[in-house]
Amino acid sequence: MSVDRTACPGQPFAQPGAGVLAPSRTLRFWLDPANLAARLEQAGPVVPTRTGPATAFQINDPALLRKVGTDEDTFRFWGPDPSLRDFNEDGVVGLEGAAHRERRALMRPAFTASRLTALGPSVQACTRRLLADLPTDRPLDMRVEMSRLACGLLVSCLLNSELAPDTLSKIATARSTLSGGMFWRYALAPWPWVPVPRRRACRRALAELDEAVRQVRARHRPDPDSGDLVSLLEAAAPGNPHVVQRDIRALLIAGMETSASTLAWACYELGRNPHYQQALREEADASPDSSRLHAHQLPLATAFVQEVTRLHGIPFLVRRTRHQTSQGGVQIPAGAVVTLPLGALRRDRNRYRDPDVFDPQRWLPHAEPPPAPTALLAYGLGPRYCPGAAAADAMLPVALATLAGSRTLRPARPGRKIGVSLELTPTPKGLTMYATPCEPRLADTGPAPDTNSDSVSGSGATSTEKGHT
Ligand code: HEM
């Protein structure tokens with residue numbers, strides 16, 4: 001398949017089709033490799049940048065970036081920050097040191113290869129069920145719909161549970177409020193007198209999330225060997241439901257946030273590059289058993305997700321110094337914010353040919369130059385490396401292939417400006433699309449894979465039954 005490389009020559013944000021991307025000035029700064037390369041040459045490996053009255057330190061040197069990302073004795077991860085206590089206290093994200101390592105080790109058996117292998121078909125079945133409820137006759141806010149899909153998948157396929165349909169819808173709507181709330185609380189922490197936007201809405205969203213976590217625990221179906229995530233957490237804290245509640249909450253926030261934004265940006269790119277919708281369908285249809293998809297049989301869907309991450313993934317990681325330190329010859333005071341500009345690295349001309357062009361082909365197994373997915377640092381690094389990384393790799397390509405196989409996505413307002421929200425993970429703001437059912441194909445008319453028959457949506461209907469009218 002050929003890709004139209006002339007769509008946006010040299011213009012990172014002017015992308016016609018699904019809408020013109022219009023990120024804020026702040027975000028533009030984080031994504032612009034010129035800030036990285038030029039600053040590395042002119043200003044050195046660590047660049048102080050003024051944000052309001054405070055100074056943040058941007059790590060420009062990739063080698064130093066790895067050091068900062070892994071050294072928790074000097075640089076504190078954002079999770080345990082006091083400004084985020086309401087969200088993270090007692091959960092894996094809010095713990096440090098030995099307690100953090102223990103909690104991570106506890107979860108590990110739930111992510112073994114044999115368990116992840118089973119994920120593909122259950123993700124396919126769950127995606128079909130969730131898509132069956134999507135209206136076909138009106139534009140959809142893809143940010144909300146992909147949050148619903150991401151949350152439904154996490155709950156059903158990783159947490160072995162289900163949510164009432166109205167709870168799932170509430171969480172999908174609340175995701176953005178929660179994520180933005182966390183972002184602003186952390187960002188404005190040095191100035192406690194500055195009001196954090198939408199504080200009350202964020203508290204309500206957190207309460208809704210807690211209700212969802214209660215449902216997850218109440219409706220949990222343990223695996224026969226009790227090796228699933230929720231069983232492991234429950235067994236490790238008998239008689240302490242508070243800790244389990246906080247860990248499930250952390251997994252839901254972190255997992256839904258990143259998966260939802262990846263899927264929403266994938267929809268944006270499918271709208272701009274409709275030929276990929278057909279290509280993804282063909283790939284899924286050609287897999288050995290198209291009613292039981294597995295990510296490793298979907299190289300194009302995997303490459304598509306990787307390219308979405310490259311262009312739209314988390315633009316920077318953030319840490320605070322625990323004490324004064326000298327890095328790259330620069331003195332950084334205690335309590336200073338240090339940023340790791342992954343977004344700019346991913347658009348660096350020295351690393352990627354035509355870095356501003358959306359080109360999933362660069363990640364295909366035989367691409368030239370050979371792909372190096374680890375260079376993306378999509379899942380972070382060091383002690384905070386994403387524990388759900390392997391699960392996300394197994395789930396998202398299958399969800400994307402199932403989405404492309406059952407719905408045709410079309411921008412509702414072509415040419416409209418698409419904003420980029422400043423949240424934990426930036427998501428496309430104002431991305432409305434039609435999702436019309438595709439023509440039924442042979443693969444859709446067979447029985448849905450027999451996994452997790454209690455649907456998250458509660459309907460149990462496949463896309464064939466409901467969506468393909
Ligand atoms: C496309 C999907 C995903 C992406 C891109 C992603 C990315 C990341 C990144 C970059 C970090 C490190 C953040 C930092 O160092 O500041 C992280 C941490 C984390 N992720 Fe993911 N993630 C994804 C999916 C998931 C899923 C599905 C889960 C749940 C099972 C999950 C759970 C977590 C948790 C709990 C942490 C915090 C780890 C800790 O504090 O030790 N993530 N993720």
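**Ground rules.** I am working from a predicted model, where local features need pLDDT of at least 70, side-chain atom pairs count only at pLDDT 80 or more, and totals for chains, interfaces and linings use all residues. Residues are numbered from 1 along each chain as its sequence is written, and side-chain values use heavy atoms, with hydrogens and water left out.

**Aromatic pairs.** I paired rings of Phe, Tyr and Trp (its six-membered ring) if their centres lie within 6.5 Å, calling planes under 30 degrees apart stacked, over 60 edge-to-face and the rest tilted. That rule gives 8 aromatic pairs. I looked up Tyr276 and Phe358: their ring centres are 6.4 Å apart and the planes stand at 90°, so the pair is edge-to-face. This pair joins distant parts of the chain, 82 residues apart, with Tyr276 in helix α13 (residues 275-286) and Phe358 in the loop between α15 (342-345) and α16 (389-406). Helices (H or I, at least four residues) and strands (E, at least two) are DSSP runs, numbered from the N terminus.

Tyr276 is buried because its relative accessibility is 0%, and Phe358 is buried at 3%.

Phe358 has another partner: with Phe304 it makes an edge-to-face pair, 5.0 Å centre to centre and 70° between the planes. Phe304 sits in helix α14 (residues 299-312), 54 residues from Phe358. Phe304 is buried too, at 0%. I noted Tyr276, Phe304 and Phe358 down as one aromatic cluster.

**Helix α13.** Does the length of this helix agree or disagree with what its residues should span? I used an expected span of 1.5 Å times one less than the number of residues. The 12 residues of α13 should span 16 Å, and the end C-alpha atoms are 17 Å apart, which agrees. Its buried residues are Tyr276, Gln277, Ala279, Leu280, Arg281, Glu283 and Ala284. For cover I counted contacts (heavy atoms within 4.5 Å). The elements covering these buried residues include α12 (241-272), α14, α16 and β10 (407-411).

**Ser147 and Arg148.** Ser147 and Arg148 both lie in helix α8 (residues 142-158). Ser147 is buried at 1%, and Arg148 is buried at 12%. A polar contact here is a pair of N or O atoms within 3.5 Å; within protein, one must be able to donate a hydrogen and the other to accept it, and residues adjacent in sequence count only if both atoms are side-chain atoms. The side chain of Ser147 makes one with the side chain of Arg175, at 2.9 Å. For Arg148, a polar side-chain atom lies 2.8 Å from the backbone oxygen of Leu130.

Key. Buried < 20%, exposed > 50% of the residue type's maximum accessible area, 1.4 Å probe, protein only.
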